[in-house]
Amino acid sequence: MARELDLKNAGLKATLPRMKVLDLFQGSKVRHMTAEDVYRLLMDEGMDVGLATIYRVLTQFEQAGLLKRHHFEGGKSIFELHDGDKHDHIVCVNTGQVVEFHDAEIEKRIEKIVKEHGFELVDHVLHIRALAPSKDGKPPARGGAAKTGRGTR
Ligand SMILES: [Zn+2]
């Protein structure tokens, strides 16, 4: 199975929690998940794994290069598969909703700016803080944004 090979290639033994967590990321339509999201989804599947185990597995996966860790809103780490797919993120400051995008113009501009400063581009992280439209189609309400101040938990 692919996941066992992935784990082996990453130098990790294929334990049940590791396989389950990797399954979740490889099989899920939701690309960005917190440790709590993973915990809840595994609970829904009837898996009895503690949150501490999930944190440990996610950290191991990050160190092994299987997952990428992001620090978006609210001080919580968000994980996604590290599949070499280059993209940037828009994150709602109210709901934490994450949307991916890729923009060739932005990529080009960043490369140019870096070159202009005499640097060689390695990588970039772009995360745009925004307000998602509300579900009922109303324009986003700015009011709630103040609640999610940086550094608060
Ligand atoms: Zn992403």
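What does the secondary structure of the protein come to? It comes to five helices and five strands. Keep in mind that this is a predicted model. Along the sequence, the pattern reads α-α-α-α-β-β-β-β-α-β.

Of the 153 residues, 16% count as buried.

In soluble globular proteins, nonpolar side chains tend to be buried together. Here the largest nonpolar core has 20 residues, and those with the most contacts inside it are Val21, Val38, Ile54, Leu58 and Leu67. Four elements each supply at least two residues of this core: helix H2 (16-27), helix H3 (35-44), helix H4 (51-63) and strand E2 (77-81).

Pick out Ile54 on your screen. Which residues does Ile54 touch, not counting those up to four places away in sequence? They are Val21, Ala35, Val38, Tyr39 and Val49.

H3 and H4 pack with their axes 9 Å apart, at an angle of about 120°. Angles over 145 degrees would count as roughly antiparallel and 65 to 115 as roughly perpendicular, so H3 and H4 are oblique to each other. Their crossing is right-handed.

From H3, the residues Ala35, Val38 and Tyr39 meet Leu51, Ile54, Tyr55 and Leu58 of H4. By class, this contact has seven nonpolar residues, no polar ones and no charged ones.

That is what I have. Questions, please.

How values were computed:
Residues are numbered from 1 along each chain as its sequence is written. This is a predicted model: local features need pLDDT of at least 70, side-chain atom pairs count only at pLDDT 80 or more; totals for chains, interfaces and linings use all residues. A nonpolar core is a set of buried Ala, Val, Leu, Ile, Met, Phe, Trp, Tyr and Cys residues joined through C-beta atoms within 7 Å. A residue is buried if 20 or more other C-beta atoms lie within 10 Å of its own, exposed if 12 or fewer, and partly exposed in between; C-beta atoms are placed from the backbone. Two residues are in contact if their C-beta atoms, placed from the backbone, lie within 7 Å. Axes are lines fitted to C-alpha atoms, for helices over the stretch in contact, and angles run from 0 to 180 degrees between N-to-C directions. Angles under 35 degrees count as roughly parallel, over 145 as roughly antiparallel, 65 to 115 as roughly perpendicular and the rest as oblique. A crossing is left-handed if the near helix is turned anticlockwise from the far one by less than a right angle, and right-handed if clockwise. Ala, Val, Leu, Ile, Met, Phe, Trp, Tyr, Cys and Pro count as nonpolar, Asp, Glu, Lys and Arg as charged, and the others, Gly among them, as polar.
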